[in-house]
Amino acid sequence: VSCVSGGLPKPTNITFLSINMKNILQWNPPQGLQGVEVTYSVQYFIYGQKKWLNKSECRDISRTYCDLSAETSDYERQYYAKAKAIWGTNCSKWAETGRFYPFLETQIGPPEVALTADEKSISIVLTAPKKWKKNPEESSISLEQIYSNLKYNVSIHNTKSNRTWSQCVTNQTLVFGWLEPDTLYCVLVESFVPGPPRLVQPSEKQCVSTLKDQTSTLKVK
Amino acid sequence: GLRRCLISMDMRRIEESFQGIKNAIQAKDTFQNVTILSTSETLHSIKPLDVCCVTKNLLAFYVDRVFKDHQELSPQILRKISSIANSFLYMQKTLQRCQEQRLCHCRQEATNATRIIHDNYDQLEVRSAAIKSLGELDVLLAWIDKNHQGTSA
């Protein structure tokens, strides 16, 4: 349905929110239209191709976001996207993103973290985050396969002494030694890729206690 | 076979300079349906053996054509571009030494890829071509970073 373009103000702050290559286009409603039931339509463009393409699942929608992960899954290409507001026979001009380059701009999610405690050490096993995939049946692609220089910033906190220290690693298993027995330690891990700055997503904090010192328990007997 | 000749360079500094001008430069590029580096046909099909030659050719492309053809009014943007250009000159010197040690062999594949890029450039008006090439520096830097890893900080 055609509409009078420019009859409405444009959506604002239109950007891609990208985490592990799950690429969501999001925007704010046009200013000054509170209480008006506006809908939106979205198009996207593959840089270097010929024309803008409609995203059919995001035609005349009332939400202010649209999942373009499938359309932007070739992470080594660049993209643009745009959205316009529609109300009756009026619509806004398009609000357009800057050039979006998933390979350099996606946020790298945290790894999976598995902790095993001993008396004086904690072993940590990290599993790299996975790239977004369209169908659960598809085989997973680890972000490690995409970013061979993927690194992890592992920080460990002694809840008794309130001391924290961290280590930057590339391998997926590490051991923190020389710890205090019978003490609760909490671990946080961030993934990162050296290169242009990206937003970072730390892992959930995980805590584990080191075991009681067996030698002292034997003496007590 | 030919050992790859790698660039040891602080890529972070160049990337930072580019990040500072990326939006401004890319916003000036109004021809979204054309690319210069056209990655799928060129950069992504480069084999390790050809990395050195393609890098050398691309650095020369930017130094001898893009930076020369680009005219910039904003002093801030100009400063960033000059910093990037100087880094490219430094990388060129590094590769020059490799070439003298015959470690930067140019096969036909590398020459073809370079010609596609020059042909793309020639199809646009020179100022637009320069702006578009500058706007695609993130693609080039990511490719150099990926193919010369283990040497950048």
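Which residues in α1(B) meet which residues in α6(B)?

Analyst: The structure is a predicted model, in which local features need pLDDT of at least 70, side-chain atom pairs count only at pLDDT 80 or more, and totals for chains, interfaces and linings use all residues. Residues are numbered from 1 along each chain as its sequence is written, chains are lettered from A and ligands numbered from 1 in the order in which they are written, and side-chain values use heavy atoms, leaving out hydrogens and water.

On the α1(B) side, the residues are Met11(B), Arg12(B), Ile14(B), Glu15(B), Phe18(B), Lys22(B) and Gln26(B). They meet Leu137(B), Asp138(B), Leu141(B), Ile144(B) and Asp145(B) of α6(B), where contact means heavy atoms within 4.5 Å. Sorted by class, this contact holds six nonpolar residues, one polar and five charged. Here Ala, Val, Leu, Ile, Met, Phe, Trp, Tyr, Cys and Pro count as nonpolar, Asp, Glu, Lys and Arg as charged, and the others, Gly among them, as polar.

The two helix axes come within 9 Å and cross at roughly 160° (axes are lines fitted to C-alpha atoms, for helices over the stretch in contact, with angles from 0 to 180 degrees between N-to-C directions). α1(B) and α6(B) are therefore roughly antiparallel; under 35 degrees counts as roughly parallel, over 145 as roughly antiparallel, 65 to 115 as roughly perpendicular and the rest as oblique. The crossing of α1(B) past α6(B) is left-handed (the near helix is turned anticlockwise from the far one by less than a right angle; clockwise would be right-handed).

Chain B, to which both helices belong, has six helices and zero strands. From its N terminus on, its elements run α-α-α-α-α-α (helices are DSSP runs of H or I with at least four residues, strands runs of E with at least two, numbered from the N terminus). Of the 153 residues of chain B, 54% are buried; buried means under 20% relative accessible area, exposed over 50%, and partly exposed in between, with a 1.4 Å probe and protein chains only. Among the contacts in chain B with a separation of 6 or more, 90% come from residues 24 or more positions apart.

Helix α6(B) covers residues 137–147 and is largely enclosed by the rest of the structure, because ten of its eleven residues are buried. The buried residues are Leu137(B), Asp138(B), Val139(B), Leu140(B), Leu141(B), Ala142(B), Trp143(B), Ile144(B), Asp145(B) and Asn147(B). Their partners are found in both chains: α1 (102–105) of chain A, and α1 (11–28), α2 (51–69), α3 (75–100) and α5 (126–135) of chain B.

Two of these partners, α1(B) and α3(B), also pack on each other, at an angle of about 130° and with axes 9 Å apart. They are therefore oblique to each other, and α1(B) passes α3(B) in a left-handed crossing. From α1(B), this contact takes Arg13(B), Ile14(B), Ser17(B), Phe18(B), Ile21(B), Ala24(B), Ile25(B) and Lys28(B). From α3(B), it takes Ile77(B), Lys80(B), Ile81(B), Ser83(B), Ile84(B), Ser87(B), Phe88(B) and Met91(B). By class there are ten nonpolar, three polar and three charged residues in the contact of α1(B) with α3(B).

In α2(B), the residues involved are Cys52(B), Thr55(B), Lys56(B), Leu59(B), Ala60(B), Tyr62(B), Val63(B) and Phe67(B). They meet Ile81(B), Ile84(B), Ala85(B), Phe88(B), Leu89(B), Met91(B), Gln92(B), Leu95(B) and Gln99(B) of α3(B). The residues of this contact divide into 13 nonpolar, three polar and one charged.
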